[in-house]
Amino acid sequence: MKLLKNTGDLTPREIVAELDKYIIGQNEAKKAVAIALRNRARRKLIPEDIRDEVAPKNIIMIGPTGIGKTEIARRLSKLCRAPFIKVEASKYTEVGYVGRDVESMIRDLLNVSVNLIKNELRESVMTEAEIRTTEQLLNYLLPDYKATKIKNPFLQKTEEEKQEIQNTANSDTREKFKKLLEEGKLDDRTIEITVTSNSSPVVELFSGAGLEGMGINLTDLGNMFGGGGGKRKKRKTTVREAKNIILDQEIDKLLDMDKVTDLAKERAEKEGIVFIDEIDKIAVKSRNSSGAEVSREGVQRDLLPIIEGSQVNTKYGPVKTDHILFIAAGAFHMSKPTDLIPELQGRFPIRVELSSLTKEDFIEILTKPKNALTIQYKELLKTEGIKINFKDEAIAKIAEYAYDVNSEMENIGARRLHTIMEKLLEDISFNAPDMDEKEVDIDEKFVEEALKNIVENADLSKYIL
Ligand SMILES: Nc1ncnc2c1ncn2[C@@H]1O[C@H](COP(=O)(O)OP(=O)(O)OP(=O)(O)O)[C@@H](O)[C@H]1O
Ligand SMILES: [Mg+2]
């Protein structure tokens, strides 16, 4: 039997370590998602007859607002190469007005998967695509010096000599331009190119009204009727941008789309992850049926077959949802997980609770993550030539204020740090370009002076923090 050891799949410990770089605490939730991910990798290696029997262990994350539920999902999507989408359950309650049908989440997942596969296969056609791009750009830049293709061989005979001189001139000029192009010296020139656009006003007009639900866009119509490509139109742009546009077009032309969609379907079916955020918003507290609650329960019923495993039709063909992993999250302030319909509860066997954040957590959140707020502000102000140093005592004070305001007013979790930091650094942020001091120490006193009055005045903090 094959072992997972050298497949390059992250171990649960490695997944947690990656998440640790951005999210403080919440170890139980991190562990649960890490196990779920690893189980997908394990499933791929077990004998086929029981492979199909192993259902994904869907997870539901429960916890108050602003403590890292969505953040875990966001980071997870970046670190696993699986197709991943995040949807908000509440947006499906408005179907018929501006909402969308629940199956569209699977279609979206497949689109993500297609892009993922395309990116993976890009490399294999890149060299060829680059050569073609350069040739095309040269044609645009030197319309009179098209690559020397002689269309009429009879003409060639009569003008043989002339042609030959012309050819050498052509290829010389093209070579010169090619060199300039490769050195980026023509990047700022404006040229007019022909682009194949994917959108058509007609289809866009319909798409809002549900055609999008069928997952059809003009590329498909174009493929159906015209054999590739949408509408062609002229566009003025810089050479720099044109390079990218043409390169993308050439890559698309070179990729075998049948192969891409086959791989994409398989990848989505076996490794896809759908993160359903705000699931508490579709829980129904009482059984008295007001319109809104009927609609919410309706969304739950629509979700059920997808999560249980069914087939969803997409523009790439039917997709089976049996092995897609679903992770749901919700604050469950107003409702409880038990307010979800029982069948749906059963589809999420793993429940993890995320805990409220403490003052100590705030200290870490302010400093430890790779994208920590203090680091962000430092970098921002560095661009103005100003160095700010956060003293430990200041960080502790900020955390304390955040914690206090959270417990005295609404608990909005780590989001409180954003508002507090913004207020704290408001003056520096405003004055930075004109400041004489080029280094600012942020110590406890600085924090107190900036925030004490606001924190201690409930009315003020209600509006400001
Ligand atoms: N445990 C944590 N570690 C690091 N940063 C955190 C943590 N919790 C929250 N944050 C920060 O706070 C912000 C809000 O967190 P997040 O979006 O994950 O909230 P949530 O739990 O999904 O809340 P809601 O229920 O309101 O959707 C994020 O920008 C994130 O950076
Ligand atoms: Mg969230």
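Author: Residues are numbered from 1 along each chain as its sequence is written, while chains are lettered from A and ligands numbered from 1 in the order in which they are written. In this predicted model, local features need pLDDT of at least 70 and side-chain atom pairs count only at pLDDT 80 or more, whereas totals for chains, interfaces and linings use all residues.

Reader: What makes a residue part of the shell around ligand 1?

Author: Its C-beta atom, placed from the backbone, must lie within 6 Å of the molecule. 17 residues surround ligand 1, and the closest are T65, G68, T70, E71 and A414.

Reader: Which helix gives the most to that shell, and what makes it a helix?

Author: Helix α4, residues 69-79, gives the most, with three residues. Helices are DSSP runs of H or I with at least four residues; strands are runs of E with at least two, and both are numbered from the N terminus.

Reader: Why are β1 and β9 called paired?

Author: Two strands pair if DSSP finds at least two bridges between them. Four bridges join β1 (residues 59-62) to β9, so the pair qualifies. The two strands run parallel, and I59 stands opposite I350 in β9.

Reader: What makes β2 and β9 edge strands?

Author: The open sheet has five strands in the order β2-β5-β8-β1-β9, with parallel pairing. Strands β2 (84-88) and β9 (350-353) each pair on one side only.

Reader: How are β6 and β7 joined?

Author: Four bridges join β6 to β7 (residues 317-320), and these strands run antiparallel. A hairpin connects β6 to β7 through two residues, and V312 stands opposite V319 in β7.
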